[in-house]
Amino acid sequence: MNWSMTGAILLALAVILGAFGAHGLRERMDDYARGVYEKAVFYHFIHALGILIVSLLPKTGTFPPESAGPVCTALLAGIVFFSGSLYLLALTGNRWLGAITPIGGVAFIVGW
């Protein structure tokens, strides 16, 4: 998998979703939902940046190439489960989605 491209695409998606939340969803979300959505965007952005950085480190000789794939996979899983569940929670109000969020948190921890 091309992790550099994946990281770049995920970063662009984080910017798009952040702008959409700030402008397109402003009237639809209450303060709680807005805070949840902003947290989703923040973690999405930070960990997408992590994917991009980790994908480039083997080229500098500072990170083993065979480790980059598993680390990036864990960070991607974290984005999907952590940020994804928070995006859905903010948009739908279904609080049971919060039960999925820790799966993503564990994936972030594993990745780092």
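Reader: How many aromatic pairs does the structure hold?
Author: Five aromatic pairs. Keep in mind that this is a predicted model.

Reader: Take F82 and F108. How far apart are the ring centres, and at what angle are the planes?
Author: The ring centres of F82 and F108 are 5.5 Å apart and the planes sit at 55°, so the pair is tilted.

Reader: And which helices do F82 and F108 lie in?
Author: F82 is in helix α3 (residues 65-92), while F108 is in helix α4 (residues 101-111), so this pair ties together parts 26 residues apart in sequence.

Reader: Ok, is F82 buried or exposed?
Author: F82 counts as buried, because its relative accessibility is 13% and the cut-off for buried is under 20%. F108 counts as buried too, at 4% relative accessibility.

Reader: Which residues do ring pairs link into a cluster?
Author: F42, Y43, F82 and F108.

Reader: Switching topic: what sits over the ring of Y32?
Author: That's the charged end of R95, 4.2 Å from the centre of the Y32 ring.

Reader: Now the helices. How do α1 and α2 pack?
Author: Helix α1 (residues 3-24) packs with helix α2 (residues 31-60) at an angle of about 160°, and their axes are 8 Å apart.

Reader: So are they roughly parallel or antiparallel?
Author: Roughly antiparallel, because angles over 145 degrees count that way. The crossing of α1 past α2 is left-handed.

Reader: What residues make up the contact of α1 with α2, by class?
Author: That contact has 17 nonpolar residues, six polar and one charged.

Terms used: Residues numbered from 1 in each chain as written. Predicted model: local features only at pLDDT ≥ 70, side-chain atom pairs only at ≥ 80, totals over all residues. Heavy atoms only, no water. Phe/Tyr/Trp six-rings, centres within 6.5 Å; stacked < 30°, edge-to-face > 60°. Helix = DSSP H or I, 4+ residues; strand = E, 2+ residues; numbered from the N terminus. Buried < 20%, exposed > 50% of the residue type's maximum accessible area, 1.4 Å probe, protein only. Lys NZ or Arg CZ within 6 Å of the ring centre and 35° of its normal. Axes fitted to C-alpha atoms, helices over the stretch in contact; angles between N-to-C directions. Parallel < 35°, antiparallel > 145°, perpendicular 65-115°, else oblique. Left-handed = near helix turned anticlockwise from the far one by under 90°. Nonpolar A, V, L, I, M, F, W, Y, C, P; charged D, E, K, R; others polar.
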